Amino acid sequence: MSETFTTRPVQFNSAKMSYEEFRQLLITDYKLAVQSRFVSLLGRKEVLTGKAKFGIFGDGKELAQLALAKVFKPGDWRSGYYRDQTLAFALGISSVYHFFSQLYANPTLAADSSSGGRQMVAHFSTPLVDSDGEWIDQTQQFNTVSDISTTGGQMARILGLALASKLYRDNPNLSHQDKFSLQGQEVVFCTIGNAATSEGVFWETVNAAGVKQIPVVISIWDDGYGISVPNEIQTTKGDISSVLRGFQADEAGAGYEIFRVKGWDYAGLCEVYEKAAEIAREEHRPCIVHVTDITQPQGHSTSGSHERYKDQDRLHWETEFDCNRKMRDWLLESGLASEEELQALESEMKDEVRREQKRAWADYRKNLQVDLDEAIALLEHINHHAVEIPLKTLLSITDLSLKEVYVNVRRVIRDLRGLDLPGKAELLAWYREKQAVNHARFNDKLFIDTKYSPLQVAHVAPQIDEESAIVDGREVLNACFRANFERDARLLAFGEDVGKIGDVNQGFAGLQEEFGAQRIFDTGIRESAIIGKGIGLAIRGFRPIAEIQYLDYLIYAMPVLSDDLASLSYRTKGQQRAPLIVRTRGHRLEGIWHSGSPMSVLLGGLRGMHICVPRNMTQAAGMYNTLLQGDEPALLVECLNGYRLKEKMPHNVGEFTVEIGKAELLREGADLTVVSYGSTLRIVQEAALELEKLGISIEIIDAQCLAPFDRDHICKTSLQKTNRLLVVDEDFPGGASSYIMHEILEVQGGYYLLDSQPRTLTAKPHRPPYGSDGDYFTKPAVDDVVEAAYQIMSDSKPTDFPSLF
């Protein structure tokens, strides 16, 4: 472990740089540090005066980030922490204007280039795809993945971002690398606060990165606290680098190079980052830089004051060891700058920051003013007493917001209901037009809307005939994966037991030997890291399939899936995407830990991902073929009890497609529409035969996908015939079945077609106990479906279908 404790003279090569050039370089660095500090100070004031909702800033970390910026090269990556404003300014990832625009939540990309007003301040990103969905050349820019607020959430994805560099270096002939890599020279720079190192995802990621030996430099900004909780409570020994010593590379094996340096020691910081970046870039070894003695002059955020939990000694120390102050003193003591020169520089930076803040505020107000002026003009042309108060409110508004504009406009629309007045039609037309504008401001880009959407992939039917071989379902999947891996060198697959044995159900059996351990490989038992690896690889041009062994275990990866992957397109307003396919299996296995069907958890947490629930392996193969032609993230849940069921092998197993979001009519019927998906469909199909004996004809619809659900509205078409509805699934009561019911009754308008109460049949509100009897009494069985369908018919035709019980 390397340690740098004291400020020392910086060594420079006078043959390469004159003294004056060197002096100007340091003055420029100090200028950036001063600029960033003024941004923090003014940003806090803007929040406390009510012009912004919340602020979190990077004051106290300026010098460390300036040193890091010096070794950041085009093509490199940042996966960071919401304290990295100085780094963002130094690299040009953001600017003072963009920073304040984000603070005010300006809903335009021209102002908030990172998110178009969707993320809170200090959450940075760079465009990775253009408006047509084409990848931007990552090798020619400084790259940053969109920040997330979840502590430690930036960790998992660094595994894939950095592994991509190793894969590109080891495979220089990859045809797709032009926009993604320069022979694997890229380094991933990750930043994290000291308190967030207590998160499990930090340890998962550190362990996995050490195993893979990937080019990543992890910086830990250590200000001694996690909001108000000191390191002694956060971390064993109160010192994260001491705890990490076991990861240090030594004679026992490969690991990390770990550095420790003080946050006010600029020369030491520059020295450490130069060495760490060199190790990562040239040797592809991971490094950790523990930056200690960092201060946080304004406390954690605008939500409180650090005087509440720091004593006077600590506050005094933070003043004395403020990094900007220490650099200023050093410049003066070493004769590199005069007091007059620094005062002039500081005054210049203060004026510049204030000027850019005012420009950002003016542009934000100007953007809102358009809607306000238009609304006022329209209301002034309506002569009715209901308009008076809303109009006066808008004319006298001081705290301008779009909310205030539309609250008053909608109030007028309600109060004028049923009246035909001059000007009303124009108001209504304007409001409808603005609904589309506001959707683009605040609601669009949950999914991409380019030609690369998997929803645009054309349907190709499976070629199955009498000569088609009858095989186990797993063999259909295996053949599908083989065909795709042969066709596309970007494809990778990984997860627990995926490599050597070809996954626990043999979907990848034999494929590692065929395509190599760099493309199909095993991982440790670390679900968050598996998903993070997939996100990073997808962002850098690969097409990964990340396997989570069982559906229940997906819960362990939910923060990464939900906070990062699912929201990536939305929170960057379509500027970033990660076309990761998450593969898992579930349903019908017996036992609490391997048989859950937490679809409601996934539907609630994974908005922004397609959720596919095929009933058999042929359907699953078709969905993989479709998703691999698109560029959006998806989850595919295979039926756990279907791998050894017999299916016909399609002749075009690698080419046929299943349309995402299209439901399928499996059985026509006249009395009752039954909607289900996955393994439960086989239960419904068996029940149909029993119901026929009772004189009931059911129509069966396979949802196939839950998100999106039934884009062609065939459920509604079915209800036009049957007028009765039963939804069957294995989720808990009120879960996916309720979601499906909402889609059919409300979105499709199926409510108006019903002649009887719609019903759901679900699992019990607990996980299934172990054993076949537990499965029978916990999840919908054939008898349950028969009785539920019969009861619906009995309710509407009691004479024809007398009560069973």
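Author: Buried stands for a relative accessible area under 20%, exposed for over 50%, and partly exposed for what lies in between, with a 1.4 Å probe and protein chains only. The model is predicted, so local features need pLDDT of at least 70 and side-chain atom pairs count only at pLDDT 80 or more, while totals for chains, interfaces and linings use all residues. Residues are numbered from 1 along each chain as its sequence is written, and side-chain values use heavy atoms, with hydrogens and water left out.

By that scale Ile 555 is partly exposed, because its relative accessible area is 34%. Ile 555 sits in the loop between strand E13 (543–547) and helix H19 (558–566); helices (H or I, at least four residues) and strands (E, at least two) are DSSP runs numbered from the N terminus. Together with Tyr 556 and Val 601, Ile 555 makes a nonpolar surface patch with about 280 Å² of accessible area. Such patches take residues with over 30% relative accessible area and no salt bridge, joining nonpolar side chains (Val, Leu, Ile, Met, Phe, Trp, Tyr) within 5 Å and like charges within 9 Å. A salt bridge is a side-chain nitrogen of Lys or Arg within 4 Å of a carboxyl oxygen of Asp or Glu, and accessible areas come from the Shrake-Rupley method with a 1.4 Å probe.

Now the interior. A nonpolar core is a set of buried Ala, Val, Leu, Ile, Met, Phe, Trp, Tyr and Cys residues joined through side-chain atoms within 4.5 Å. The largest one has 91 residues, and Phe 100, Val 217 and Tyr 266 are among those with the most contacts inside it. Helix H12 (residues 339–380) supplies the largest share of this core, 12 residues. The core lies between domain 1 (55–93 + 148–335) and domain 2 (365–443), because both give residues to it; the bounds come from an automatic or database domain assignment. Another core, of 88 residues, lies apart from it and includes Phe 542, Ile 548, Met 558 and Met 741.

Contact means heavy atoms within 4.5 Å. Leaving out residues up to four places away in sequence, Tyr 266 touches Leu 26, Asp 29, Leu 63, Leu 66, Ala 67, Lys 70, Met 327 and Trp 330.

The assignment also gives domain 3 (454–648) and domain 4 (668–796). Their C-alpha centres lie 26 Å apart, and 29 residues of domain 3 are in contact with 27 residues of domain 4.
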